[in-house]
Amino acid sequence: MRQLWELPNSAETVIIGGGVIGASCAWWLERSGRRVTVLERRSELGTYSTPNALGTIRTQYGSPTLVALAQESLEFYRSIDKHLGADPAELGWGNQGYLYLVSNPDHMARLRDSLAEYEALGVTSSSIVEQPELSERFPFVGDAVGAIFHGDGSWVDPTRITDAWANAAQNTELCLDTEVLGLEAQSGGWRISTNTGACTAEQVVVCGGARAPRLLDSLGVTSPVKITPRYRVFIPYDDPTHQRSPLIINISNGAYWRPVPGGVWLSTADVDEASVEPGEDVVVPEGFLDRCLEQIEPVSPQLVAHARTLPPDACTYAGGYQSYPADDEPIIGAVTGHDGLFVNYGHWAGVMLSPAAGRLLADVVAGRVSDVDNPCSLSRFAAPRKRSSTNKFGGWG
Ligand SMILES: Cc1cc2nc3c(=O)[nH]c(=O)nc-3n(C[C@H](O)[C@H](O)[C@H](O)COP(=O)(O)OP(=O)(O)OC[C@H]3O[C@@H](n4cnc5c(N)ncnc54)[C@H](O)[C@@H]3O)c2cc1C
């Protein structure tokens, strides 16, 4: 992207928000021939929720739409060098697989049911691993009784991926410190009011992450999206066995970790949390580390024992937001009744899905995918579908 120091008077396609989703949309739209301008309220790209993600990549969900988006995204990530000219190793691409673990023997039947569900949706190449093989292959899993192992995918670095999209979108203009305060439809497009002045655009794509619902509300566009804060802790740990580990998920309670250079990132997801109004920065609550350690201990006791020996300031914390639409599927597409207005928000796995989410948005803008054929359309909430089971961590559908 090329940084502009002043807001232009007019633009062709404006993207509001420069997180991983806005950056991906910029690349896909530029590629399909649009002249793109990104407006970002912060002083740098990718500094709100995106950099605080764990960047995990997986394809096992209980919803056909999420599986399709995830599989397409995984394919893209696998050949990202050809698409974006970026070296996968430099993007923190890990392909060590992932383990959905259970420590309660009563949960094995559910684990098998989940595997059957994934296979029915076309996510194959997974297997159930039980003791003693489980501990032979993954010697740190403690009391875990069984797991689903999937050898494909694992993680990417969220910040580097955002930069890769932005670097590849060479002709896209970028205005930083530019907060969109209001949108108004006018003949032939939109008038966009910002803290640095106003500009017009033929098309507007709202990619504001957790702040998107607020902006859309001002146009009377509502959607059932829950916004929840999420936290991550870095635990320094150079142990070679843990560094070679797959992504580890305690499916019984939602705690998960993955190796990063010099340590691990650990988090937990409470899918029943109440929705919040997003703020500027997320404060990690007292006791978060203890909660994570307690939840991950049954499947990673060595890591937990190590973490408990560390001085309090050895670990570092980060936080951001995840957005959950009522059916857990992202909202990507046109806004009915508002010509030239598009959205790409409602992401709780936006790093993972950024390739397919950007591609779908560009197809909608170009008229290649109609609202009727778009599984992620905003209009789906006008005639709600049955809630799907996504097997989010801790959710189990
Ligand atoms: C702890 C944690 C762990 C996570 N783990 C994973 C994971 O393992 N895998 C995964 O795929 N995802 C994960 N996520 C979720 C992931 O971070 C989000 O889904 C993703 O970052 C969403 O990207 P985005 O671009 O939509 O949002 P953001 O990164 O929030 O970007 C939105 C941008 O829009 C800007 N903006 C908002 N309003 C305006 C405005 N009015 N004017 C101008 N700019 C505006 C914001 O400043 C921001 O930069 C995790 C999140 C957290 C917090």
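A residue is called buried if 20 or more other C-beta atoms lie within 10 Å of its own, exposed if 12 or fewer do, and partly exposed in between, with C-beta atoms placed from the backbone. By this count, 50% of the 397 residues of the protein chain are buried. The model is predicted: local features need pLDDT of at least 70 and side-chain atom pairs count only at pLDDT 80 or more, while totals for chains, interfaces and linings use all residues. Residues are numbered from 1 along each chain as its sequence is written.

Next, colour the domains, whose bounds come from an automatic or database domain assignment: domain 1 (2-51 + 159-225 + 326-382) and domain 2 (93-154 + 227-322). Seven residues from domain 1 and five residues from domain 2 make the contact, where two residues touch if their C-beta atoms, placed from the backbone, lie within 7 Å. The C-alpha centres of the two domains lie 31 Å apart.

Now select the ligand. Which residues are the closest to the ligand? They are Gly17, Gly19, Gly209, Gly320 and Gly350, among the 41 residues that surround the ligand; a residue is near if its C-beta atom, placed from the backbone, lies within 6 Å. Both domain 1 and domain 2 give residues to this shell, so the ligand lies between them.

Finally, show the secondary structure, in which helices (H or I, at least four residues) and strands (E, at least two) are DSSP runs numbered from the N terminus. The protein chain has eleven helices and 17 strands.
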